[in-house]
Amino acid sequence: MIDPDRILRTFTELAGIDSPSGHEEAIAAELRSRFSELGFSVQRDSYGNVIASEDGDDPLLLSAHMDTVEPGRGIVPIRNGDRLETDGSTIVGGDCKAGITTILEALQSIKDGATARSPVQVVISREEELGLRGAKNLDFSMVRAREAVVFDGEGPVYHIASGSPTYLRYDVEVTGRAAHAGVEPEKGISAIRIAAEIIAELPNGRLDAETTFNVGMVSGGSVRNAVPEHATFSGESRSHNQATLEGQRIVIENTLTAARQRHPEAMVVVEFHIEFEAYKLDPESGIVRSVTKSLGSMGLEPEFAMSGGGTDGNVFRSHGVQSVVLGVAAHNAHTVREYVDLNELEQAARFCEQLLLHRTD
Ligand SMILES: [Zn+2]
């Protein structure tokens, strides 16, 4: 039986283990022991992802990620009615420990009931928040599953990501010339000033229904009293439309070209990188039909919506694992206002149980 008290306990214990991206050893050890107790053979690949496997043909991959964003140390979930939140000094870590809790609870519930279920493989990745690094480095030779459910979306479990955008990352480096700021400023070229001009000219925010643009980080200079020689800034643009995204790349190039013409003695360099590729979900695929059927058995209608972000599901897909990304009860993720809806978390666990019990019906 799905047990709301156990769900609360599991989530609180997992959230209490610090696991900012890159520091996942403690949570990985905890997951190893929990999945071992559930009867799985648990391994870590060379990158440190946790992979729990068992015998059986055509296993279903259940996936979530073990890392959390900052501020995410010393998390103490506080219950407020049907919500778990924090005192506002940290995230609550529902992204993605609510996903892990969902998987653990469904497996435990079925084990307690000693009922037959679909064979399962579990992948809990690390460094998802750093750009799907764990999934990108996942040892796919250890993954037998061809279908996956990724518990890493916002909102209730019936929120299904119907597609994700392509993600373009860019890093700009400006090199000017250092000089004493008080003695001979006219000999300097301020890299910060040039970077600021460029940033002010770049697009920003939501550009159209399927495209966004952001400058997310700036740094530069080393001391107060020198004309700064170096400045860098980094950003991203996402679009569900490949051509629009290509257009954004050209906008960046043109803005930099104009800056170089205004400041011929400075150096302005840009690097682009496509972080992940867009996809659109096929509603007729086997995994989508299994998910829809299990939701239906609970009286739930799927709600499909384009997602603005990428998840490990993007990477699984590129390795031939048909993946669906579902909501997992976390709201306001990546902010200290994040909360987990306990009713939705219980619902997600019930859904996961239904899926495993009836996948092969
Ligand atoms: Zn996440």
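Domain bounds here come from an automatic or database domain assignment. With those bounds, colour the chain in two: domain 1 is 4-164 + 278-358, and domain 2 is 171-276. Residues are numbered from 1 along each chain as its sequence is written. You're looking at a predicted model, where local features need pLDDT of at least 70, side-chain atom pairs count only at pLDDT 80 or more, and totals for chains, interfaces and linings use all residues.

Now go to where the domains touch. Eight residues of domain 1 are in contact (C-beta atoms, placed from the backbone, within 7 Å) with six residues of domain 2. The centres of the two domains, over C-alpha atoms, sit 37 Å apart.

Next, select 242-262, which is helix α6. Helices are DSSP runs (H or I, at least four residues) and strands are E runs of at least two, numbered from the N terminus. Show Leu245, Gln248, Ile252, Thr255 and Leu256: these are buried, meaning 20 or more other C-beta atoms lie within 10 Å of their own, while exposed means 12 or fewer, with C-beta atoms placed from the backbone. They share one side of α6 because they cover an arc of only 95° around the axis, going by the directions from the helix axis to the C-beta atoms.

What covers the buried side? Select β9 (166-175), α5 (191-201), β12 (211-220), β14 (230-239) and β15 (267-276), which are included in the cover.

Last stop: α5, with Ala191, Ile194, Ala195 and Ile198 buried. Their cover includes α6.

Key:
Two residues are in contact if their C-beta atoms, placed from the backbone, lie within 7 Å. The expected span of a helix is 1.5 Å times one less than its number of residues.
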